[in-house]
Amino acid sequence: MHTKRWSMVDGRWRSREGGRWAERRLCCLGAAALVLVAAGCAGLGQESWLISEEQEVELGAEFHAQLTAEMPEYAGSPEVTAWVEAIGESIVPYTDRPDLPYHFTVLDVDDINAFAVVGGYVYVTRGLLAASSSGAEVATVLAHELGHISARHGVRALETYIVAEGLQEALGGGDLAEIVSGAVLVGDSLVFSQDQEREADELGVQYAYDAEYNPWGIVKFFEYLQTLEGSSGTGSDSVDSVFEDLGELFSTHPPTAERIGNVKKQLGGLGVSEDESGLAWEAEGKTADEIGALVEGASDSRETSKETDR
Ligand SMILES: [Zn+2]
């Protein structure tokens with residue numbers, strides 16, 4: 001019954017930037033957009049006005065069911081999933097919503113992507129793990145997604161969608177599958193604003209720092225993304241393929257250079273240097289290289305992916 005709900009990837013997923021995003025092929029990108037919607041700027045800690053926390057968790061579970069019916073979960077080495085879960089769970093207590101039930105899922109796709117769903121569902125791709133050169137990069141990416149959840153960005157978006165479509169009755173009646181599948185189909189409007197992305201960046205840096213990961217990890221990761229932007233050229237086919245592959249991490253985010261500048265400013269305010277003692281570059285007993293080797297069967301997939309993107 002789930003198969004049609006993600007069919008927006010074959011045609012209904014329309015362009016929002018002059019065609020660049022047309023014909024996007026990945027369900028997970030749709031999921032990112034649908035979950036990571038933007039409906040104005042949410043005040044952190046502000047309660048939802050329509051969706052209760054219990055409903056949010058149920059909606060998250062429904063998203064997860066629909067998503068994983070179409071997108072394979074990574075089923076290789078259990079150490080990989082355990083590593084991601086351990087990093088994520090180690091950050092959760094430092095977020096603004098530490099009491100939600102969280103689920104960290106690795107999706108078995110090549111694309112470099114990460115996104116969060118309402119109700120504590122967070123996803124990273126195998127491609128992102130392969131491309132990461134330190135545990136701090138993975139930790140700070142997860143922390144960014146946890147920032148979206150803490151600030152209820154997805155909840156705001158869903159609330160806006162529910163009101164726009166007159167689905168309050170479905171929500172009240174518990175027909176969450178209808179809401180979720182509908183929200184997926186109008187994924188075009190379900191995109192976070194740049195301000196929400198800035199907020200998630202800021203929260204993520206703080207959470208990662210509080211959890212004693214080196215928050216410079218996100219700078220390293222952004223710099224890596226910049227090399228992919230740089231390698232994509234202009235006006236060539238490779239631009240679209242590279243941007244597609246980067247999914248949520250690029251979508252409507254502010255320019256990467258601006259994000260780097262914002263984060264560096266924040267780190268300056270925190271007084272955190274790149275080689276700060278006491279802040280971890282690696283995490284949970286395994287290096288990113290070891291994890292990369294497990295997921296890729298190769299030792300330097302970041303280089304490999306650069307080659308591929310050219
Ligand atoms: Zn984001």
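Me: What makes β2 and β3 count as paired strands, and in which sense do they run?

Reply: Strands here are DSSP runs of E with at least two residues, numbered from the N terminus, and two of them pair if DSSP finds at least two bridges between them; β2 (residues 114-117) is joined to β3 by four bridges, and the two run antiparallel. In β3, Val124 is the residue opposite Ala114. This is a predicted model, in which local features need pLDDT of at least 70 and side-chain atom pairs count only at pLDDT 80 or more, while totals for chains, interfaces and linings use all residues. Residues are numbered from 1 along each chain as its sequence is written.

Me: How many bridges join β1 to β3, and in which sense do they pair?

Reply: Between β1 (residues 103-107) and β3 there are five bridges, in the parallel sense, and Val106 stands opposite Val124.

Me: Why is β3 called mostly covered?

Reply: A residue is buried if 20 or more other C-beta atoms lie within 10 Å of its own, exposed if 12 or fewer, and partly exposed in between, with C-beta atoms placed from the backbone; in β3 (residues 121-125), five of five residues are buried. Tyr121, Tyr123 and Thr125 lie on one side, with Val122 and Val124 on the other.

Me: How do you know that the buried residues of α12 line one face?

Reply: The buried residues of α12 are Thr256, Arg259, Val263 and Leu267. Seen down the helix axis, they fall within an arc of 70° (taken from the directions from the axis to the C-beta atoms), so they line one face. The face turned away from that buried side carries the exposed residues Ala257, Lys265, Gly268 and Gly269.
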